[in-house]
Amino acid sequence: MLKLQSNSILLHADDNVVIALQDIDAGAKVAHVEQPVLGQVGRGHKIARRAIAAGEQVIRYGQIIGQAKRDIEPGEHVHVQNLGMGEHSQDYGHAEAYVPIVPAETERTFQGYVRPTGKVGTRNYIGILTSVNCSGSVAKFVAEAAEKSGLLKEFPNVDGIVPIVHGTGCGMSGKDEGYATLFRTLSGYAQHPNFAAILLIGLGCEVMQIADLVGDRKIRPGGDLRYMTIQQTGGTRKTIEAGLKEIRELAEIANKATRSPAPISHIMVGMQCGGSDGYSGITANPALGVASDMLVRHGGTTILSETSEIYGAEHLLTRRAVSVDVGEKLIDRVRWWEDYTARNGGEMDNNPSPGNKRGGLTTILEKSLGAAAKGGSAPLVDVYKFAEPVAKHGFVFMDSPGFDPCSVTGQIASGANIIVFTTGRGSVSGYMPTPCIKLATNSEMYGRMSEDMDINCGDIISEGVSLEDKGAEIFEKIIAVASGAPSKSEDLGFGGVEFVPWQIGAVM
């Protein structure tokens, strides 16, 4: 537990920097640093504990976050002006630190929607899924017409009608990696347990054909999947009319679903961080890591993602892998990203964003070490491609960009029925059909944006709340929201524009 009078925190005995816990003026004395601070330092930023020579590794969390670009004096602000990436190669030690997790002694349940597939939903929506951008407006027209008609008043067990629209599906190759990624994404949403029923709408001439998505297999049993194309149906007006007829029939099916007790092993949490700051790796992320471990002990599943934001921390995950093969699967994705950024004229250190840097984060290595804390300490049981169905219970990794809406889209397509999102700067978003729980990393932002934040993790610093207690609070919140309690983003109506498939490859 932190001492409330401390104005800085030393995160690891090997660190040569401390983190300011408040705005600090030049000449002030700070805990863990013998010399006075040489200039003004903002909350969440780093201060040198001792002299750091040019080229020397800068250490935070006991790990490398970069190299000094010049000599750094004791008490000096350590940030973009004197800290760069430098060499950061690590021994991956695949599976060397693997320790089986101890199962929970008691079984917990939540109130969910048990589907014919055996999966369990946390919400009961009807989805209008589009194969291509060209059918997006018509999908929205159908949803709007259904809502204006008062149809939902007749079916009180239906949470709503969600049009899932996007900007791709055509002008692309029909056989490359980008096509396969979009196909997995749309298929994952079509089968998601938070959708009681799906209406699939295409234009008709697109690359992503409805017939290919549906195929000759039953992607949803029980007649709760309907599909049509605008061209075959006869245009906009006729498609809206036909769509309304299908929505009414699907609503009759969806309305029969009711909540019933289910083991929390059916909860799958997608873990995200966005608008991160210097507190993210100290408060909300490690607290979420505690909650993640608790859920895994109960047989549940947690998904860590954002491959570009575990760069520099991947060695901490590979050492926890259940096998060498699983560790190597993760490194294969990291190597893919190094090639992907290089061939597109980017670099892995394009992240952190300007907002992250204002919050105290300097290099992607530093950001990644804090982001990886969301994964707790449970073994890494498998690694998945973007939107690939997650088939194993436990702590897993899904490959994705660091762009939050895109990464969450992949997690939901992979099966996540809850999203937990940590933020230090104050991200606002929601992800229908999956509820999103927001965790604030600091009390100041929580005070400004409490209408958007579900839990304040800043009290770990401001009030000395333990990570264990905060993790338990998050765990209970996950169960409550999974059982139907609305999250703040749901109350505000978010989720209509955050479906963002990962576009890979040329637009033609």
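In strand β3, the residue that bridges to V17 is A48. Strand β2 (residues 17–20) and strand β3 (residues 46–48) are antiparallel and share three bridges. Two strands count as paired here if DSSP finds at least two bridges between them. Helices (H or I, at least four residues) and strands (E, at least two) are DSSP runs, numbered from the N terminus.

Before going further, please note that this is a predicted model, in which local features need pLDDT of at least 70, side-chain atom pairs count only at pLDDT 80 or more, and totals for chains, interfaces and linings use all residues. Residues are numbered from 1 along each chain as its sequence is written, and side-chain values use heavy atoms, with hydrogens and water left out.

The pair belongs to an open, antiparallel sheet of four strands in the order β1-β2-β3-β6. At its edges stand β1 (8–9) and β6 (77–78), each with a single partner strand, so one side of each has no neighbour in the sheet.

Strand β8 (residues 109–114) runs antiparallel to strand β14 (residues 260–263), with four bridges between them; one of the bridge partners is P261 in β14, which faces Q111. Strand β9 (residues 120–121) is also antiparallel to β8, through two bridges, and G121 in β9 is the partner of Y113. Five residues separate β8 from β9 in a hairpin, and G118 in its turn has a positive phi of about 95°.

Now for the open spaces. A pocket is an open set of points on a 1 Å grid over the protein atoms alone, where a 1.4 Å probe fits, with protein on both sides within 12 Å along at least five of seven lines; lining residues have an atom within 4 Å of a point. Grid points are joined across faces, edges and corners, and a volume is the space filled by probe spheres set on the points. In the class counts, Ala, Val, Leu, Ile, Met, Phe, Trp, Tyr, Cys and Pro are nonpolar, Asp, Glu, Lys and Arg are charged, and the others, Gly among them, are polar.

| Pocket | Volume | Lining by class |
|---|---|---|
| Largest pocket | about 640 Å³ | 17 nonpolar, eight polar, one charged |
| Second largest pocket | about 460 Å³ | ten nonpolar, twelve polar, three charged |

The largest pocket has 26 lining residues, and those closest to its centre are Y61, G281, P286, A373 and L467. Helix α6 gives the largest share of this lining, three residues. Y61 sits in the loop between β4 (57–60) and β5 (63–68), and its phi is positive, near 60°, although it is not a glycine. Most residues other than glycine have a negative phi, and most peptide bonds are trans. The bond from M432 to P433 is cis, with omega near 15°.

The second largest pocket has 25 lining residues, with K119, M268, V390, S414 and G415 nearest its centre. Helix α2 gives the most to this lining, four residues.

Helix α2 also holds Y189, whose partner F499 lies 310 residues away in the segment after α15 (488–491). Rings of Phe, Tyr and Trp (its six-membered ring) pair if their centres lie within 6.5 Å; planes under 30 degrees apart are stacked, over 60 edge-to-face and the rest tilted. The whole structure has nine aromatic pairs.

Finally, a word on confidence: the protein chain has a mean pLDDT (the predictor's confidence in each residue, from 0 to 100) of 95. Residues 1–5 have pLDDT below 50. Where pLDDT is low, the predicted coordinates should not be read in detail.

Definitions and conventions:
Contact = heavy atoms within 4.5 Å.
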